[in-house]
Amino acid sequence: QSNLSPGLAKIAPYLTCPRDSFSAKVPGQVAGWLRQVTLTAHTRWPLYASLKEIAPIQDITSKGDDMIRKREEKDNDEIMNVWYQASSLAHPFLEADFVEKAKKDLRDVYIPNTDTWVYEENNSVIGFISMIGNEIGGLFVLPNNHFRGIGTRLVNFIKEFHVELEVEVFEKNAIGRAFYEKYGFVQIRRYYHTESNNDILRLHYKD
């Protein structure tokens, strides 16, 4: 167990659960994702928990070639690039070994098992949001596209399907904390994350 990422040891027994039954079996405290190494804030370690049963979510198009759509396998390399650049900016305090382990887990475990939507502009992925139930497991935007309202649009999109939202962010992550505070999230918990040697804040939003 000591070789597993935070929380991953807890969910290991559930990795073979059928996709449609995972959310009913996985312990609630595991839902989370890569909160420790995110950009605009967030994540911890989870696995899978789909959005509540709703009608299929359609792609959302806007002006020009901008679009929010469900992740496809072909997007994975671009998603990893977005995550790495954004996380590096927001989390300079994280140790290199921790980040590299998180990067591997992100590609191999978390992306394939979360509900992820990408923000596409001119046929390029420049942001994404990953959900586990009503929890934002990851929200990232390429640094050179910050302050354009892309993160807000992604959260607005997800908010249409949830009365309440939760997320976790490093206390030292000034970028993420500012974003969520401006959006209206409030702190409900603070705890120490041993693997990263950092404090984490759990935030809650209710419309």
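Reader: What share of the 207 residues of the protein chain counts as buried?
Author: In this predicted model, 54% of the residues count as buried. The accessible surface of the protein chain is about 10,000 Å², and carbon and sulfur atoms contribute 48% of that surface.

Reader: Why is G137 called buried?
Author: Its relative accessibility is 0%, and buried means under 20%, so G137 counts as buried. G137 belongs to strand β5, residues 135-141. Its C-alpha atom lies 9.3 Å from that of T116, which is 21 residues away along the chain.

Reader: What makes A174 exposed?
Author: The cut-off for exposed is over 50%, and A174 has 57% relative accessibility, so A174 counts as exposed. A174 lies in helix α6. A174 and A90 are 84 residues apart in sequence, and their C-alpha atoms are 7.2 Å apart in space.

Reader: How do you know that the span of helix α4 agrees with its length?
Author: Helix α4 covers residues 96-110, which is 15 residues. The expected span is 1.5 Å times one less than the number of residues, so α4 should span 21 Å. The C-alpha atoms at its ends are 19 Å apart, which agrees.

Reader: Which residues of α4 are buried, and why are they said to line one face of the helix?
Author: The buried residues are F98, V99, A102, D105, L106, V109 and Y110. Viewed down the axis of α4, they fall within an arc of 130 degrees, so they line one face. A96, D97 and K104, on the other side of α4, are exposed.

Reader: Why is the pair of F179 and Y180 called edge-to-face?
Author: The ring centres are 5.1 Å apart and the planes are at 85 degrees.

Reader: What makes the pair of F185 and Y205 tilted?
Author: Its planes are 35 degrees apart, with 5.3 Å centre to centre. Under 30 degrees would be stacked and over 60 edge-to-face, so this pair is tilted. The pair links distant parts of the chain: F185 sits in the loop between α6 (174-183) and β7 (186-193), and Y205 in strand β8 (residues 198-206), 20 residues apart. Both residues are buried.

Reader: Which residues do the ring pairs link into a cluster, and how many aromatic pairs does the structure hold?
Author: The cluster consists of F179, Y180, Y183, F185 and Y205. The structure holds eleven aromatic pairs.

Reader: How do you know that the charged end of K103 sits over the ring of Y84?
Author: The distance to the ring centre is 4.9 Å, against a limit of 6 Å. The criterion also asks for a position within 35 degrees of the ring normal. K70 lies over the face of W117, at 5.1 Å from the ring centre.

Reader: Why does the phi of N123 deserve a remark?
Author: Most residues other than glycine have a negative phi. N123 is not a glycine, yet its phi is positive, at about 70 degrees. N123 lies in the loop between β3 (115-121) and β4 (124-132). At 64% relative accessibility, N123 counts as exposed.

Reader: Why is N197 called partly exposed?
Author: Partly exposed is the range between buried, under 20%, and exposed, over 50%. N197 has 48% relative accessibility, so N197 counts as partly exposed. N197 is in the loop between β7 and β8, and its phi is positive, near 60 degrees, in a residue other than glycine.

Reader: What makes N76 buried, and which residues does it contact beyond its neighbours within four places in sequence?
Author: The relative accessible area of N76 is 13%, and the cut-off is under 20%, so N76 is buried. N76 lies in helix α3, residues 76-90. Leaving those neighbours aside, N76 is in contact with R71, R107 and I111.

How values were computed:
Residues are numbered from 1 along each chain as its sequence is written. This is a predicted model: local features need pLDDT of at least 70, side-chain atom pairs count only at pLDDT 80 or more; totals for chains, interfaces and linings use all residues. Side-chain values use heavy atoms; hydrogens and water are left out. Rings of Phe, Tyr and Trp (its six-membered ring) pair if their centres lie within 6.5 Å; planes under 30 degrees apart count as stacked, over 60 as edge-to-face and the rest as tilted. Helices (H or I, at least four residues) and strands (E, at least two) are DSSP runs, numbered from the N terminus. Buried means under 20% relative accessible area, exposed over 50%, partly exposed in between (1.4 Å probe, protein chains only). Accessible areas come from the Shrake-Rupley method with a 1.4 Å probe; for residues, only the protein chains shown count as cover. The arc is that of the directions from the helix axis to the C-beta atoms. Contact means heavy atoms within 4.5 Å.
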